[in-house]
Amino acid sequence: MAFPEDVLTEDEHVVLHLHPHWKALIRPVVVLVLAVAAVVAGVVLLPSGGGGSVALAVIGALALVAVLWFALWPFLVWRTTHYLFTNERVLLQHGVFSRDRRDIPLTRVNDHSMSQRFVERLLGCGTLTIESAGERGQSVLVDVPRVGQVQTKLYELVEAQHDKHSLGDGEMREILADMREGKPLRDPTA
């Protein structure tokens with residue numbers, strides 16, 4: 001369930017690889033503990049024999065369904081949700097049986113914002129919204145751990161990508177001077 005490295009380009013490297021905040025696992029753990037407690041209580045408190053065995057089987061079946069539906073499934077959703085920040089793009093991937101992935105090139109990121117409710121501030125997570133040029137426009141990443149630091153890192157990545165693909169004042173002066181002298185144009189990134 002790790003993120004496949006083969007989706008990265010040759011010069012691309014991972015800067016941040018995150019799953020949603022661990023708070024998404026609180027309910028699954030509580031459900032698991034309650035299900036185990038119900039089965040243990042049934043074994044201890046119910047009489048052995050006909051009626052007690054049927055009741056214990058019913059409790060066990062309900063506990064199994066609860067664990068599968070309310071504990072295992074949310075865990076799998078959490079584990080297969082990836083927020084990947086590279087030096088070239090943001091990749092958002094989720095899906096247990098099917099998979100959805102969205103790539104947002106850093107050059108297309110127009111704006112990003114974060115929000116935290118009071119409880120999220122206490123837990124150190126929040127929501128990061130990335131506004132990008134294109135049809136889909138906005139991507140909302142919920143329960144991002146250390147959301148403030150992640151937003152700062154995203155800003156740094158966007159600025160580095162912008163600087164990589166733009167000319168500085170000194171480079172522009174050199175090109176203009178070369179043009180005035182009649183020298184052929186050269187690639188300033190070479």
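This report walks through a predicted model, from its annotated segments to a few individual residues.

## Ground rules

Numbering starts at 1 along each chain as its sequence is written. Since the model is predicted, local features need pLDDT of at least 70 and side-chain atom pairs count only at pLDDT 80 or more, while totals for chains, interfaces and linings use all residues; side-chain values use heavy atoms, with hydrogens and water left out.

## What UniProt marks

An unreviewed UniProt entry puts "transmembrane region" at residues 29-48 and 54-78. Positions from UniProt follow the numbering used here, feature names are shortened, and annotations may be inferred rather than shown by experiment. In the model, residues 29-48 are 85% helix and 0% strand, with end C-alpha atoms 29 Å apart. Residues 54-78 come out as 100% helix and 0% strand, and their end C-alpha atoms lie 35 Å apart. Helices (H or I, at least four residues) and strands (E, at least two) are DSSP runs, numbered from the N terminus.

The unreviewed entry also lists "domain: YdbS-like PH" at residues 78-153. That span is 20% helix and 53% strand, and its end C-alpha atoms are 22 Å apart.

The structure holds 2 aromatic pairs. In one of them, the rings of Phe75 and Trp78 have centres 6.0 Å apart and planes at 35°, so the pair is tilted. For the record, rings of Phe, Tyr and Trp (its six-membered ring) pair if their centres lie within 6.5 Å; planes under 30 degrees apart count as stacked, over 60 as edge-to-face and the rest as tilted.

Both residues sit in helix H2 (residues 50-79), 3 residues apart, about one turn of the helix. Phe75 is partly exposed at 34% relative accessibility, whereas Trp78 is buried at 17%. Buried means under 20% relative accessible area, exposed over 50%, and partly exposed in between (1.4 Å probe, protein chains only).

## Arg89, a buried arginine

Arg89 lies in strand S3 (residues 89-94) and counts as buried, at 13% relative accessibility. What does the side chain of Arg89 make a polar contact with? The partner is the side chain of Glu12, at 2.7 Å. A polar atom of the Arg89 side chain also lies 2.4 Å from the backbone oxygen of Val7. A polar contact is a pair of N or O atoms within 3.5 Å; within protein, one must be able to donate a hydrogen and the other to accept it, and residues adjacent in sequence count only if both atoms are side-chain atoms.

Leaving aside residues up to four places away in sequence, Arg89 touches several others, including Leu8, Thr9, Leu84, Asp103 and Pro105. Contact here means heavy atoms within 4.5 Å.

## Helix H4 and its buried side

The buried residues of H4 are Val147, Val150, Gln151, Leu154, Leu157, Val158 and Gln161. They cover an arc of only 120° around the axis, which puts them on the same side of H4; the arc is that of the directions from the helix axis to the C-beta atoms. Among the elements covering these buried residues are strands S1 (14-18), S2 (82-86) and S6 (125-132). The face turned away from the buried side carries the exposed residues Gln149 and Asp163.

## Two positive phi angles

Neither Asp143 nor Arg146 is a glycine, yet Asp143 has a positive phi of about 55° and Arg146 one of about 50°. Asp143 lies in strand S7 and is buried at 18% relative accessibility. Arg146 is found in the loop between S7 and H4, partly exposed at 42%.
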